[in-house]
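Colleague: Could you take me through one part of this model in some detail? I'd like a close look at the place where the two chains meet.

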Amino acid sequence: MSDLLAARSQMAMSLGFHILFAVAGIAMPLLMVIAEDRWIRKGDAVCLDLARRWAHGTAILFAVGAVSGTVLSFELGLLWPSFMAFAGPIFGLPFALEGFAFFVEAIFLGVYLYGWDRVPPRAHWFAGVMVAVSGALSGIFVVIANAWMNTPAGFRLVDGRALDVDPFAAMANPAALSEALHMALAAYVAIGFAVAGIHAFVLLRQPGHPLHRRALAIALGVGGVCAVLQPLSGDLSARQVAEHQPAKLAAMEGVFRTQRGAPLTIGGWPDAAAQTMRFGLEIPYGLSLMAFHDPRAEVMGLDAVPRADWPPVAVVHVAFQVMVACGTVLAALALLGAFLAGRGRRVPDQRWYLKALLLASPLGLVALEAGWTVTEVGRQPWIIHGVLRTADAVTPMPGLPVPLAAFTALYLMLGAVVVVLLRRQVFQSHETAPLAAARAHG
Amino acid sequence: MAALTLYALAAGADFGGGVWDLLAHGPRAGRQRALIAHAIGPIWEANHVWLILAVVLMFVCFPSAWSALSTALHIPLTLMLVGVVLRGSAFAFRSYGAEDDAAQRRWGRTFAMASVVTPLTLGLCVGAAASGAIRVRDGRLLTGFFESWLRPFPLVVGLFTLALFSFLAAVYLAREAGEEDLRADFRRRALAAGVVSGVLAFTALPLARESAPLLWAGLTAGWWSLPFHLLTGLCALAALVALARKRDALAQAAAIVQVTLVLWGWALAQFPYVLPPDLTFEGAAAPPAVLRAVLGALGAGLLLLAPSLAYLYRVFKLARS
């Protein structure tokens, strides 16, 4: 394995691992504070129990997210020193802001987790709100930094050096808004459905369990609303990519030839050697419509890009298809759930629907990983789009497969431990007093 | 000037990270574990962020220095990261998950071992960077991947960091412990760690003369050097005496001042170099527009942070009853 590939794999693995925990740190606090709010306003003690249990899960996930995020902040320099030497000052501002947002999040999470008996209920709830807000903000700041790598702005490139650096203009780069919005919604969708699936699983075993019914209602509500909104933000993203990163769009859709009225290809396998799409289902004018809101618009193909600058077309295309497919299934499930809930005026806990939720529970996380694959692999061979190549940014350090193997082993172990611990949280056998009381009432 | 202020703030942040991270390094005889866990439980996440903030400020404000550091010190930094990951997650796993004792003990051990590795490698990196062994010319790194840190001076600085952190942790824990016998335990440990760090400091100095000439010059030549070192030594002595006389609050205050002075002494001795001998603050600093923006963000962020942190400590450190 070459050192470049090892460095890219280590970065991809670290990001892919961290993102799972990062989205939990963003979305779980929202679920907690909704549950706690219901307890405070309606005196529903089962909701308090639920908030506490979710808080326990959040603590574990947040800890792993925090340390794996620290690893990433170092890895940027450890693996890509010349990238950081160039980009650090330009896109560092959102990282600094993220540092503060994350700081606030950690502080109030401490108050939330350890302060149940130390601060009054509303203050405690407010600490939870601070965690939810700052968690979302820190995610948004990091995504803005990533957006800058896709659509760099805020400097002038003269002889390979950045002049007239304006960190605020860098933050306001073209991809910032659409990427941040897409990612924030994705976090709530992924965690909402993952949590809903877990509680659906318990409800299938113990129908009507009051705690898990409430949990399902809250998680499905949050995940569902965002799943329905997500296609709108996807549209914004698609148009931004079409305008600023045409090579990425061409790879996503397997467009080899620049053309007007380009079709949208669903599924299929892009054969980069033969420069054709195979086995795809084509919707005429679909891509032009999607990317430019005009069926006759011209879509740039990969033929306009030097062969050496193509991203890996097959990976990007398949990842994009996976992301869209998962998102579509979840949005459909959300609408179905809303229909069932509206018709029955109750939590949609029909067995077949619970089974569907269980099956769909990993899809949001799958979509998340696929989406990051699209945006990161789709930017290759550039680490900063059009400015710096990944191959020129990698550290001269030899033997990079060693840290790759070490961190992979470490993360596999951490992942396994987290799964075991969360299983215990979910299936805790003891029944708390309010839960028993709620059951007695039926 | 902006760069200097920034560095001061970053060093302050570093210092905070040190002070609190170390809480983990207390001794780990069985019955003191509960106290340690109790003391750091609510606050370790927040303290951990100092480290991230320091890294971010470093790569935003002194990108070329950070680039050189992270290449030349790739190996110890990676080791430190493994320590950070294991420490943080082991602590969380121990507190939140496992009910059975065997698993808890295992995580406790992992936590303790990782707590030793992290400050050791951190000190190692600081020692290597301060010694002037990392050479940069025209933006290109001339140093190999081992030679800058696999030497006596960085190793002693690493051990010194470990001892200093342990000392601080023990002093804090002596202050926080409820029962008198626990207090006495931690006082003894603080005294031992304090003496060890003193010995290591005096081992590092003659080594610095050989291996870190610029640092040595900075430490000895300035007009401020002598009074500064006297003050630091005085604080160290005051902390030890206070410990021996069971004045825990006084010992804590003296220890905090002492560690602050050690850090500032290092920063002053190294000035005007961010990475001696090739990169100065001026030479390595990011463009002024960036420094201004980050300084602004830092100011705004601290306005938000200060009351939040104060609240956190008020809830968990003062209202202990």
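This is a predicted model: local features need pLDDT of at least 70, side-chain atom pairs count only at pLDDT 80 or more; totals for chains, interfaces and linings use all residues.

Modeller: Start with the polar side of things: across the interface of chain A and chain B, the rule picks out 1 residue pair in polar contact, with both residues at pLDDT 80 or more. Helices H2 (45-79), H3 (81-114), H5 (167-171) and H14 (401-426) of chain A each put at least two residues into the side that touches chain B. Of the elements in chain A, H3(A) gives the most to that side, with 23 residues. Sort the residues on this side of chain A by type and you get 46 nonpolar, 13 polar and 2 charged. As for salt bridges between chain A and chain B, the count is 0.

Now for the extent of the thing. In terms of contacts, 61 residues of chain A meet 60 residues of chain B. The area buried between the two chains comes to about 5,500 Å², and carbon and sulfur atoms give 82% of that. Three phenylalanines deserve a look here: Phe74(A), Phe100(A) and Phe103(A) supply 14% of the area that chain A buries against chain B, more than any other three residues.

While you have chain A on screen, have a look at Val131(A) too, which lies in helix H4 (residues 121-150). Val131(A) counts as buried because its relative accessibility is 1%, the cut-off being under 20%. Leaving out residues up to four places away in sequence, Val131(A) touches Pro29(A), Glu105(A), Phe108(A) and Leu109(A).

Notes. Residues are numbered from 1 along each chain as its sequence is written. Chains are lettered from A and ligands numbered from 1 in the order in which they are written. Side-chain values use heavy atoms; hydrogens and water are left out. Contact means heavy atoms within 4.5 Å. Buried area is the accessible area (1.4 Å probe) that two parts lose on being put together, summed over both. A salt bridge is a side-chain nitrogen of Lys or Arg within 4 Å of a carboxyl oxygen of Asp or Glu. A polar contact is a pair of N or O atoms within 3.5 Å; within protein, one must be able to donate a hydrogen and the other to accept it, and residues adjacent in sequence count only if both atoms are side-chain atoms. Helices (H or I, at least four residues) and strands (E, at least two) are DSSP runs, numbered from the N terminus. Ala, Val, Leu, Ile, Met, Phe, Trp, Tyr, Cys and Pro count as nonpolar, Asp, Glu, Lys and Arg as charged, and the others, Gly among them, as polar. Buried means under 20% relative accessible area, exposed over 50%, partly exposed in between (1.4 Å probe, protein chains only).
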